[in-house]
Amino acid sequence: MILIVAEHAIGKVSKSTWEMVTAARELAQGMGREVPITALVLGSNIAPIAAEIARAVDQVLVADLPALAQYDAELWSAAVAQVATEGEASVILIGGSRSGREYSPRVAVKLEAPLLEDVISLKTSGETLTAQHYIHLARVTETIETASPVTVVTIKPGVFNPATPRVEAAEQFDVDLKLPTPRLKVTGKTVERSSRVGLAEADIVVSGGRGVGSAEGFTQYVEALADQLGAAVGATRAIVDAGWRPYSEQVGQTGKTIQPKLYIAIGISGAVQHLSGMNKSKTIVAINRDAEAPIFKIADYGIVGDVPQLLPAILAELKK
Ligand SMILES: Cc1cc2nc3c(=O)[nH]c(=O)nc-3n(C[C@H](O)[C@H](O)[C@H](O)COP(=O)(O)OP(=O)(O)OC[C@H]3O[C@@H](n4cnc5c(N)ncnc54)[C@H](O)[C@@H]3O)c2cc1C
């Protein structure tokens, strides 16, 4: 079986889980035989999550325990390794989130399995699993092969198209886990208060580059437009390096890979490293004063003009 460890947050299945379903479906198809796709849901009070994910896979294994209310690398890796062993999983897909990147090596060690990290493409031919990922600060795309009976894979978020749920739901089973006693205790949690949606989950992203002029310009134009549209904000590496924006907002090869329905690029030249993080967006709108800027080659709509002139006019029009 192909085992997906479902990622979820605040009572909702994360987009990364739907992306892993697509990766699993492509993999199962390539295997040329009936390979069931199983989702493992870990957490506490997760019945709605399990029900949601049941509409995308062949079976769902649920471990709904108070002990799993908080993510813990030791518990997660023990649970995944146990389920993978008992279910004789051949491939284990884990989200390339911060936590996924933390516990996946532990799973690989427990299973004595190879670990393919931050994978952007995954194929199988016979017994061989072939994956691609970026290395050397994303300057190089590396292709790797493994022919192990079990392989652990982390999937780079935002690369695979999110799967669409079906109408019918797969069967759910409770799993009986033998968990170690937790050695870490979460004693507090501060949730960042932001009215904006997260970059990875957003349908609309408004991004800014050096062409917005300054950190103040970013707030004045990019954040203002994002707030009007209920969008997330993104940034180029140039302005993250300049300290105008946090790294968490960087879009591109060394930042986040996203595919929103609408991507608005303001004052962004369109360097390949930026494009690789957003070129799968459904509709791309670019605003740049240079008609020759590479971003216009992939944009569906382009406005050639000066940001300080155009943006106030666009914002005023939207306010109406
Ligand atoms: C290994 C490596 C990894 C990288 N990873 C990333 C990454 O993940 N993400 C990323 O974004 N970059 C990445 N880069 C950097 C990338 O190569 C570019 O340098 C960067 O994307 C450029 O950012 P920019 O478009 O903001 O700036 P610029 O390239 O300087 O473009 C600014 C644009 O704004 C326009 N402009 C200027 N003033 C105005 C105005 N008043 N009105 C309208 N338009 C205006 C200009 O015409 C220009 O097109 C990486 C580079 C390397 C080598």
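Strands S7 and S11 (residues 151-155) pair in the parallel sense over three bridges. Two strands count as paired if DSSP finds at least two bridges between them. Strands are DSSP runs (E, at least two residues), and helices are too (H or I, at least four), both numbered from the N terminus. Val-119 stands opposite Ile-155 in S11.

This is a predicted model: local features need pLDDT of at least 70, side-chain atom pairs count only at pLDDT 80 or more, and totals for chains, interfaces and linings use all residues. Residues are numbered from 1 along each chain as its sequence is written.

## The whole sheet

Seven strands form an open sheet with parallel pairing. Their order is S7-S11-S6-S1-S4-S5-S12. S7 (115-119) and S12 (171-174) stand at the edges with a single partner strand each, so one side of each has no neighbour in the sheet. The twist averages 20 degrees from one strand to the next.

## Helices across the sheet

Helix H4 (residues 98-111) lies across S6, S7 and S11, at about 170 degrees to S11. Helix H3 (residues 73-86) lies across S1, S4, S5 and S6, at about 150 degrees to S4. Angles run from 0 to 180 degrees between N-to-C directions, with axes fitted to C-alpha atoms, for helices over the stretch in contact. Contact means C-beta atoms, placed from the backbone, within 7 Å.

## Around the ligand

Domain 1 (2-174) and domain 2 (204-319) both give residues to the shell around the ligand, so the ligand lies between them. The domain bounds come from an automatic or database domain assignment. Helices H6 (237-241) and H7 (272-278) each supply at least two residues of this shell.

Terms used: Two residues are in contact if their C-beta atoms, placed from the backbone, lie within 7 Å.
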